[in-house]
Structure formats: C-alpha cells, structure tokens
Amino acid sequence: DPANKVLVIREFADLEKARSAGHLAVIAGNEGGKILGSDPSLIDAWFPMGLRHVQFNWAMPNRLGASQDQENDPSQPGLTEFGRTTIENMNEKGMIVDVSHSAPRTILDALDVTNKPILNSHSGGRSIADKPQNLYDDQIEAMADNGGVIGVHFCSRLVLGVNGIQAGIDDVVKQIRYVADVGGIDVVGLGPDWLLGDPVRDVPYLRNTNQEDLTWAKGLEDSSDLPNLWDPLVGAGFTAGEIEKIAGGNMLRLFKDVLPGGND
C-alpha cells in the first residue's frame with residue numbers, strides 16, 4: 001500500500017522492492033497453528049491471501065503437534081500426520097515453518113520431515129537458561145544442520161532462565177555467543193518478540209496470561225534500541241561480517257531458501 005508504505009511480502013523479490021522504495025516489509029505470519037484447523041486444504045486458502053509463515057505452536061497443543069508444555073508427557077504425539085502433511089505443503093508453496101514453542105519431539109520431527117530450512121523465531125540456549133521454550137544443544141546443532149535460524153529472545157525470563165529478574169544487554173549477548181558457539185554463526189538471528197508497548201492491551205494481557213513480572217532486557221525494549229546491541233557484540237569478539245549475519249543476514253538467507261522465487 002503506497003499510502004502507508006507497508007508492503008506485504010509474497011515472494012522473495014518483494015523484500016528488495018520494499019527496501020529500495022523505503023517501505024516497511026511485512027511477512028504475514030500466524031502464531032499457534034490453529035488458523036489451519038484440521039484441514040490440510042486450508043493452507044491453499046490462506047496462501048493466496050498472503051500468509052507466508054506458520055508457527056505451529058504457542059503454549060497449548062493443537063492438531064499440528066505437541067507444544068512445549070507437553071514435553072514430558074509420554075503420550076504426546078510430537079508432530080502429527082496433519083503436521084507432516086502441512087510441512088510438506090508449506091515446503092512446496094514457499095512458506096516458513098516455525099517451531100518456536102513446540103515440544104522437543106515436535107521440533108525433531110519437523111526437522112526430519114522438512115526439505116527446506118526452518119525457523120525457531122524466538123528462543124535461546126537451554127543449557128544456560130533452563131526454560132522449555134529454549135533449545136538443548138542437540139536441537140541447536142540439528143537446526144544448524146538444517147540450515148535453519150534461531151532468533152535469540154530478548155525477554156528477561158528466557159534470557160536468564162528465571163522469572164522476576166531483569167536481564168541486561170550483556171545477558172542477551174551471552175545467549176547469542178552461546179548459540180553461535182554450539183551451532184555456528186550461520187544459525188543465529190534475533191528474535192526479540194517485543195509485545196509490550198500498548199498500555200490498554202498490556203495490562204489485561206499480562207494479567208490474563210499470569211505474566212505480570214514480564215520484562216525485556218534493559219536497553220533492548222523496542223526496535224529503536226537495536227543499535228545498542230552492536231558495540232557489545234563487537235566487545236564479545238564478533239566480527240562485522242558475523243554481526244551482519246546475526247542482525248538479519250541469516251534470516252534473509254532463510255527467506256531466500258524458502259519464499260517463492262528465492263532460488264529461481
């Protein structure tokens with residue numbers, strides 16, 4: 001829409017169109033997978049409307065697969081048959097499969113089924129921050145082997161592994177360093193998951209989800225703060241080329257590998 005300078009991305013070339021025109025590029029996505037119900041053909045209805053990303057889980061199970069809350073349930077299915085079919089359809093169409101919030105078994109099943117790189121859009125290293133949303137070392141390595149990308153979260157509780165404590169920029173840098181050390185620089189992206197900033201919405205959202213102690217790393221609380229991360233990354237030993245990959249280069253590579261027209 002030229003009036004509001006937003007371009008919904010339908011194919012990879014649209015990203016360059018948006019950049020050169022100075023427009024905001026938006027990849028339309030869905031968190032939680034329920035948008036697909038239990039009918040494989042629904043993806044055929046959503047795709048022409050611009051949907052290019054589906055995150056299979058949020059904090060509860062659905063027909064696609066088990067969520068992180070079910071990781072210790074011996075009867076949980078991992079990725080279901082419907083989930084497998086959906087990944088195959090998404091691979092074929094050029095849609096981004098996102099396994100953030102999925103159970104470890106769902107993630108490994110998704111990596112087994114996909115023939116394209118997949119995304120874990122907001123996560124971290126579980127060995128240094130023990131939260132179900134974060135990834136064990138073998139999962140980080142499997143994501144790297146897939147050519148996928150892990151967006152490192154900026155939320156204090158996921159950065160630190162404990163609730164109710166304020167994280168800082170150095171804590172986020174430690175997470176980035178850890179994921180890079182385990183999986184290699186090509187697996188690391190940024191997944192801040194900023195969702196606060198609207199007082200009318202924030203209060204009931206935090207109350208209703210029992211997250212009233214939720215904070216983001218100090219100095220990285222919205223997109224205008226992103227430049228605060230670059231010097232600390234230099235200080236942690238990352239080169240300019242590596243920081244470029246972290247800051248968006250790896251995500252762009254994933255979009256090129258997955259979105260329609262990316263590898264034409």
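Some ground rules. Residues are numbered from 1 along each chain as its sequence is written, and side-chain values use heavy atoms, with hydrogens and water left out. Because the model is predicted, local features need pLDDT of at least 70 and side-chain atom pairs count only at pLDDT 80 or more, while totals for chains, interfaces and linings use all residues.

Helices next. Two packed helices are described by the angle between their axes and the distance between the axes. Axes are lines fitted to C-alpha atoms, for helices over the stretch in contact, and angles run from 0 to 180 degrees between N-to-C directions. Under 35 degrees counts as roughly parallel, over 145 as roughly antiparallel, 65 to 115 as roughly perpendicular, and the rest as oblique.

Start with helix 3, residues 81-93, and helix 4, residues 104-113. Their axes come within 10 Å and cross at roughly 45°. That makes helix 3 oblique to helix 4. The crossing of helix 3 with helix 4 is right-handed. For handedness, take the near helix: turned anticlockwise from the far one by less than a right angle is left-handed, clockwise is right-handed.

Which residues in helix 3 meet helix 4? They are R84, I87, E88 and N91, and they meet D109, A110 and V113. Contact means heavy atoms within 4.5 Å. Nonpolar covers Ala, Val, Leu, Ile, Met, Phe, Trp, Tyr, Cys and Pro; charged covers Asp, Glu, Lys and Arg; the others, Gly among them, are polar.

Now helix 4 with helix 5, residues 137-146. The angle is about 20° and the axes are 10 Å apart. So helix 4 and helix 5 are roughly parallel to each other. Helix 4 passes helix 5 in a left-handed crossing. P104, I107, L108 and L111 in helix 4 meet Q139, A142, M143 and N146 in helix 5. How many charged residues are in this contact? There are none; the contact has six nonpolar and two polar residues.

Helix 5 also packs on helix 7, residues 169-183. Here the angle is about 65°, with axes 8 Å apart. Helix 5 and helix 7 are therefore roughly perpendicular. Their crossing is right-handed. Helix 5 contributes D137, I140, E141 and A144; helix 7 contributes Y178, V179, V182 and G183. That contact divides into five nonpolar, one polar and two charged residues.

On to the strands. Strand 6, residues 119-123, pairs with strand 7 in the parallel sense over three bridges. Pairing requires at least two DSSP bridges. N120 has I150 in strand 7 as its bridge partner. Strand 7, residues 149-152, is covered on both faces. V149 and G151 are buried on one side, I150 and V152 on the other. Buried is under 20% relative accessible area, exposed is over 50%, and partly exposed is in between, with a 1.4 Å probe and protein chains only.

N30 lies in strand 3, residues 29-31. Buried or exposed? N30 counts as buried, at 14% relative accessibility. Neighbours within four places in sequence aside, N30 contacts I35, L51, H53, V54 and Q55.

G261 sits in the segment after helix 10, 240-258. At 40% relative accessibility, G261 is partly exposed. G261 and D14 are 247 residues apart in sequence, but 9.7 Å apart in space, C-alpha to C-alpha.

Notes: Helices (H or I, at least four residues) and strands (E, at least two) are DSSP runs, numbered from the N terminus.
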